[in-house]
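Subject: The structure I promised you

Hi,

Here is the structure we talked about. Have a look at it first, then read on with the viewer open.

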Amino acid sequence: MYQSKILWDDDYLRSFVHRLLKFEYENQFWEFDENDDVLEYKDSHYRTMVEKFLPSLGIWNLNLGDSEEGTSIRQLIFLRDGRCQNINSKTLRTILNKVWIYMGELGNQLRNRMIKTGRNSPLYTDTFLENIPELYDKTPYLDKSTSVCRFFQNGWVEITKEGVSSLRPYKDLPDDVIVWNSNVIQRDYVTTETFEVLEKQLLEITSDSINPITGGRIDDEQERKRLFHQWKNKIESLPSVTPDTHFRDYVENLSRNDDGEIDSTSLERIKLSIGYLCHRYHVQSKRRCVVYVDKFYPGRNRDVSDGGTGKSLIPKCLGELMNRTEVNGKKMEKGKNDLFPFGNVKMTTELVHIDDVTSKFDFEKFFNHITGDFEIRKMGKVEVIPSHRSPKMVICSNHPIQGEGNSFSRRQFIVEIGNYYKVMDEEYDGLTPYEIHGYKHLGSDEWSETDWSEFYKFVFECISLYLKQGGLPRGGESRDYKRQKLEVLVGSSDLIDFFVRKFEEYSEHGEEVFVEVLYKEVRSLFPDHTKDVLNGTIWSWFKEVGKMVRMGCNFHLKVKGSLDKQRLTEERWNRWVLEGMEHHQDKDGKSPQKGDRVQVFKVSSFKKPETLFTPPEFQHRVDEVTK
């Protein structure tokens, strides 16, 4: 993660003290006695310090809106030149101590007065800090639904579905917008001078009078002509050498299939995930956690944690564009009670990266962090990032994320990562991304200015693609991923294969099936595995396997996937007997008789749309009338 420079540097604080002592008497909170010594502090002195002195220094409370419970969410900040940093009482003490030092003997007296006040001093307490004035007319920048902005040392750019703007100066930001200092990338934005880039910049010079260097407007006609000729010469003398594209190549390698070919679907999912994670905007109905997971294949030992595919490098590289906080996923297993899992997350965090989660990861525990307010528990207090400003979340795992149902699926965007780098490592004696990509660590200071330029170019391309899409698609996991997830759930590969064969059989004949017949056959073939398993669990396993093979049960019912209850009519009773169920006992030890109700189902296949809807059985209504 890049490190942003603090706003309260020594030069700024010295300048503040100089202005304060020479011009800004109205911000003075202390008084002198007849000997020109500082008087003992009273409530009025502290009130002036809160209302005037601290805001003039740059200390404010920033109102971030309301939580889902309606409580005001505020953050103590240091504000300077349109940028702000979140601070706490400890940081405030550090800042003021420096101010006292630069004020010389007067500063010593001011500090000593605070020390003498002892426990009665309100300074640095929560109650005191809450009284610092709020900034109501300033809002930290947040992306819009149709655009993304990234901030650099020399300006900022805006990305839309149409592309990337030229570099813009900070003075072009709206007056009511401030920028988190930690979100300003500590590098200059410089584009690689390709033919396409230079042609676009030349068009901006001629059509829009935009200076491609500063991003500002060209007001002088002679300057516009000079830049026009300068850019024409650049285009004519442009060398034919193509720049290295390390990050683009890396992402394409992650999407390669077992034959080494780029899988266009996999590549698009990775690019969409990057665009989503870099978009600091939430569509409430489309909030997801991106999950980068190793691509699975039949026969892989689910108990072995392989890894080595390079997936964690994606969020780590994005940390060079965003304020990323990494969290240890191994501490988030079911049964483990980590009281402060997000203790390092800050109000300015844009991306929460949960790395290396295990097969026992408790995804459900973080449902609200994904779709609601982001709660940060710390020792002695709880901070809340309001829902519309909460960070995006990304998980890296060698295992499928467990959990069934819509509550899980609608919160996940699964991105399966190919084994290109793992194969390179195993077959070529430890060949890593470092060697493959020019003996440079991806996203490090080893990159040249051109490398960074191409990195930004590719990420911005991903953002544009995502904005065109308007959100992440639902589903899309491969059958191999679903299979591996099922093997963890069911615990038996052979039982899954059996269920697949039964779905094919039931779909082929399209007839009604007694679920008790299915249970009986399962328990007969897999006695040890189903010894302590309830029928309801077997049915849930069966339905999950159906999702993998794109088949479902009882689509003619209002509650699709539920079991239907039908009476043992003459026709059904005959089939019941033929199935050898005449003396079968249900879970209550009773043997159903003719006329009793039993549970049945029919299988429908998404490959055969006509099977998804079944005409009503009028015989059922006749039975109801004549019973």
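Below is what turned up, one region after another. Keep in mind that this is a predicted model.

Start with helix α2, residues 43-57, and helix α3, residues 89-102. Their axes come within 12 Å of each other and cross at roughly 85 degrees. Angles from 65 to 115 degrees count as roughly perpendicular, so that is the label for α2 and α3. Which residues meet there? From α2 you have F53, L54 and L57, and from α3 there are L92, I95, L96, V99 and W100. What kind of residues are they? The contact of α2 with α3 has eight nonpolar residues, with no polar and no charged ones.

**A sheet of six strands**

Next, look for an open sheet whose six strands come in the order β4-β1-β2-β3-β9-β5, with mixed pairing. At its edges sit β4 (134-135) and β5 (139-140), each of which pairs on one side only. Inside that order, strand β2 (residues 72-80) and strand β3 (residues 83-86) are joined by four bridges and run antiparallel. To find the spot on screen, pick L79, which stands opposite C84 in β3.

**A strand tucked away**

Now go to strand β16, residues 392-397. Is it buried or exposed? Six of its six residues are buried, so the rest of the structure largely encloses β16. In a regular strand, side chains alternate between the two faces of the sheet. You can follow the directions here: K392, V394 and C396 point one way, while M393, I395 and S397 point the other way. All of these are buried.

Which strands pair with β16? Strand β11 (residues 289-294) is joined to β16 by five bridges, and the two run parallel. Strand β13 (residues 351-357) is also parallel to β16, again with five bridges. V394 is a handy landmark for both pairings: V290 stands opposite V394, and H353 stands opposite V394 too.

**Rings that pair up**

How many aromatic pairs does the structure hold? The count is 47. Here are two of them to click on.

One is F342 with F374, a tilted pair with 5.0 Å centre to centre and 55 degrees between the planes. F342 lies in the loop between β12 (324-328) and β13, whereas F374 belongs to strand β14 (residues 374-378), so the pair ties together parts that are 32 residues apart in sequence. F342 has a relative accessible area of 2% and is buried. F374 is buried as well, at 0%.

Another is F514 with W576, an edge-to-face pair: 5.1 Å centre to centre, with 90 degrees between the planes. Why does this pair tie together parts that are apart in sequence? F514 lies in strand β18 (residues 513-514) and W576 in helix α20 (residues 570-578), so the parts it ties together are 62 residues apart. The cut-off for buried is under 20% relative accessible area. F514 counts as buried because its relative accessibility is 2%, and W576 counts as buried because its value is 0%.

Finally, there is a cluster linked by ring pairs. Its members are F152, Y189, F247, Y250, Y420, Y421, W447, W452, F455, Y456, F458 and F460.

Cheers

How values were computed. Residues are numbered from 1 along each chain as its sequence is written. This is a predicted model: local features need pLDDT of at least 70, side-chain atom pairs count only at pLDDT 80 or more; totals for chains, interfaces and linings use all residues. Side-chain values use heavy atoms; hydrogens and water are left out. Axes are lines fitted to C-alpha atoms, for helices over the stretch in contact, and angles run from 0 to 180 degrees between N-to-C directions. Angles under 35 degrees count as roughly parallel, over 145 as roughly antiparallel, 65 to 115 as roughly perpendicular and the rest as oblique. Contact means heavy atoms within 4.5 Å. Ala, Val, Leu, Ile, Met, Phe, Trp, Tyr, Cys and Pro count as nonpolar, Asp, Glu, Lys and Arg as charged, and the others, Gly among them, as polar. Buried means under 20% relative accessible area, exposed over 50%, partly exposed in between (1.4 Å probe, protein chains only). Two strands pair if DSSP finds at least two bridges between them. Rings of Phe, Tyr and Trp (its six-membered ring) pair if their centres lie within 6.5 Å; planes under 30 degrees apart count as stacked, over 60 as edge-to-face and the rest as tilted.
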